[in-house]
Amino acid sequence: VEAVDHLRRLVALDTVSSRPVVALSDYMCEHVEALGFQVERRETGEPGKHNLIATFGPPRDGGLVLSGHMDVVPVDGQPWTSDPFRLTERDGRLVGRGTADMKGFLAATLTALERVDRARLQRELVLVWTCDEELGCLGSATLVDQLLAEGRPLPRRCVIGEPTDFRPLRMHPGHVVSELVFHGAAAHSSRPDLGVNAIEAAADAIVAIRELARRLEHERKFEDLLSRPWVTVNTGTIEGGSAVNIVPDRCVVRVGFRPLPGSDPEDLHERIAHAAAATGARFDARIVRVTPAMLTDAGSETWRLVAPHADHAHEGAATFATDGGNLAKLGLEPIVFGPGSIEVAHQADEWLARADLERTVDVVADVVTRACG
Ligand SMILES: [Zn+2]
């Protein structure tokens, strides 16, 4: 099956992260089972959401993991010029939700596996397909916990086919969400002295967090890899108050920050809470979610597999987080490397060049043959 035909089917299956991935995972399973892969559906506890592991060949030294996520980001409110869930070709561009991020890689992988001489594969090839990546790599977090508990090893070499314009990326910051719930005391707004304004308390704390963010800019690491080689902090959402004539007694603020490899998310969370507490505000703070950073050594075996196909052999860093941070907990050495651009991902009229889709088929076939042949 041509990769573009696989891609047409995958794009048509709406796997926006709020929805089940079942139809898409059925499609993927059916195709790799027909090729002789053993497929495991691994439940996450969320209905309709599971991860997949498909294995071919005997476990022994070497081998390869190819990984991608099955979900996509929503299209609501975006100015699409064609149906996002119908693959449309224009001037050599395949347009549709997920073409770049990252159903193009999944489609190319299916076609590549159909084409390689599977009888010659001597080492384990493992496909790891995840759900809920776009919600903060939640699917891979659950999967990795399961595999760790079972003591189940995977091949160390691991390619994650996120859109990097065929550049090998060996590092990315993580992403952590902290929530601060500010407590005040309600009062009629004509007598504000009888209450405590939780929104105003939050405002003071937000300013203090911004000052912390500026101090963090001086704590630099990985300056050769990152354009912003520090922990970035963003106060992302604020919610509070019920009416303009009531002193609000509650305000919820969510702060996102991006720890670099080696910086402890708990420790950074504590520093944020500490900065907020210095204003005298009353609040509770908790970490909502941790998406780990990723750092693979330079010159890894995974890099050597993809380097012949890279547009820039030099290893860089991704600005976005991937499943690689979780997979690395299993001892894997992930490299993020795939077709398409992160610039068009998550946007209206997301696209992947048809030529790049076809190129990816050749790349995957070659990498699989060299890693597992
Ligand atoms: Zn992605």
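Is Glu219 buried, partly exposed or exposed? In this predicted model, Glu219 is partly exposed, at 41% relative accessibility. The points below begin with the salt bridge of this residue and then turn to other features.

1. Glu219 and Arg271. The side chains of Glu219 and Arg271 form a salt bridge, with 2.8 Å between the closest N and O atoms. Glu219 belongs to the loop between α5 (198-216) and β11 (232-240), whereas Arg271 belongs to helix α6 (residues 265-277), so the bridge ties together parts that are 52 residues apart in sequence. Arg271 is likewise partly exposed, its relative accessible area being 27%.

2. Arg152 is partly exposed at 22% relative accessibility, and Glu40 is partly exposed at 24%.

3. Other salt bridges. The structure holds 19 salt bridges. Among them is the pair Arg19 and Asp14, whose closest N and O atoms are 3.3 Å apart. Arg19 has a relative accessible area of 41% and is partly exposed; Asp14, at 24%, is also partly exposed.

4. Asp323 is placed in the loop between β16 (316-317) and α8 (324-327). This residue is buried and yet has no salt bridge. The nearest side chain of opposite charge is that of Lys329, at a distance of 11 Å; a salt bridge requires a side-chain nitrogen within 4 Å of a carboxyl oxygen. The side chain of Asp323 does have a polar contact of 2.7 Å with the side chain of Ser140. Leaving aside residues up to four places away in sequence, Asp323 touches His69, Thr130, Glu133, Cys137, Ser140 and Ile160.

5. Asn326 and Ser140. Asn326 is situated in helix α8 and is buried, with 2% relative accessibility. Its side chain makes a polar contact of 2.9 Å with that of Ser140. Beyond residues up to four places away in sequence, Asn326 touches Cys137, Ser140, Ala141, Val144 and Pro292.

6. Aromatic pairs. Three aromatic pairs are found in a search of the whole structure. In one of them, the ring centres of Phe37 and Phe56 are 5.1 Å apart and the planes stand at 45°, so the pair is tilted. Phe37 lies in the loop between α2 (22-34) and β1 (38-43), and Phe56 in strand β2 (residues 50-56), so the pair ties together parts that are 19 residues apart in sequence. Phe37 is buried, with a relative accessible area of 5%, and Phe56 is buried at 13%. Phe182 and Phe283 form a further tilted pair, at 5.3 Å centre to centre and 45° between the planes. Phe182 is part of strand β9 (residues 175-183) and Phe283 of strand β14 (residues 283-291), so this pair links parts that are 101 residues apart in sequence. Both Phe182 and Phe283 are buried.

7. Arginines over rings. The charged end of Arg93 sits over the ring of Trp351, at 3.7 Å from the ring centre. The charged end of Arg359 is placed over the ring of Phe166, also 3.7 Å from the centre.

8. The peptide bond from Asp101 to Met102 is cis, with omega near -15°, and Met102 is in helix α3 (residues 99-115). Asp165, which is not a glycine, has a positive phi of about 55°. Asp165 is found in the loop between β7 and β8 (169-172) and is partly exposed at 30% relative accessibility. His346, also not a glycine, has a positive phi of about 70°. The loop between β17 (333-336) and β18 (351-353) contains His346, which is partly exposed with a relative accessible area of 33%.

Technical notes: Residues are numbered from 1 along each chain as its sequence is written. This is a predicted model: local features need pLDDT of at least 70, side-chain atom pairs count only at pLDDT 80 or more; totals for chains, interfaces and linings use all residues. Side-chain values use heavy atoms; hydrogens and water are left out. Helices (H or I, at least four residues) and strands (E, at least two) are DSSP runs, numbered from the N terminus. Buried means under 20% relative accessible area, exposed over 50%, partly exposed in between (1.4 Å probe, protein chains only). Lys and Arg count as positive and Asp and Glu as negative; His and the chain ends are not counted. A polar contact is a pair of N or O atoms within 3.5 Å; within protein, one must be able to donate a hydrogen and the other to accept it, and residues adjacent in sequence count only if both atoms are side-chain atoms. Contact means heavy atoms within 4.5 Å. Rings of Phe, Tyr and Trp (its six-membered ring) pair if their centres lie within 6.5 Å; planes under 30 degrees apart count as stacked, over 60 as edge-to-face and the rest as tilted. A charge sits over a ring if NZ of Lys or CZ of Arg is within 6 Å of the ring centre and within 35 degrees of the ring normal.
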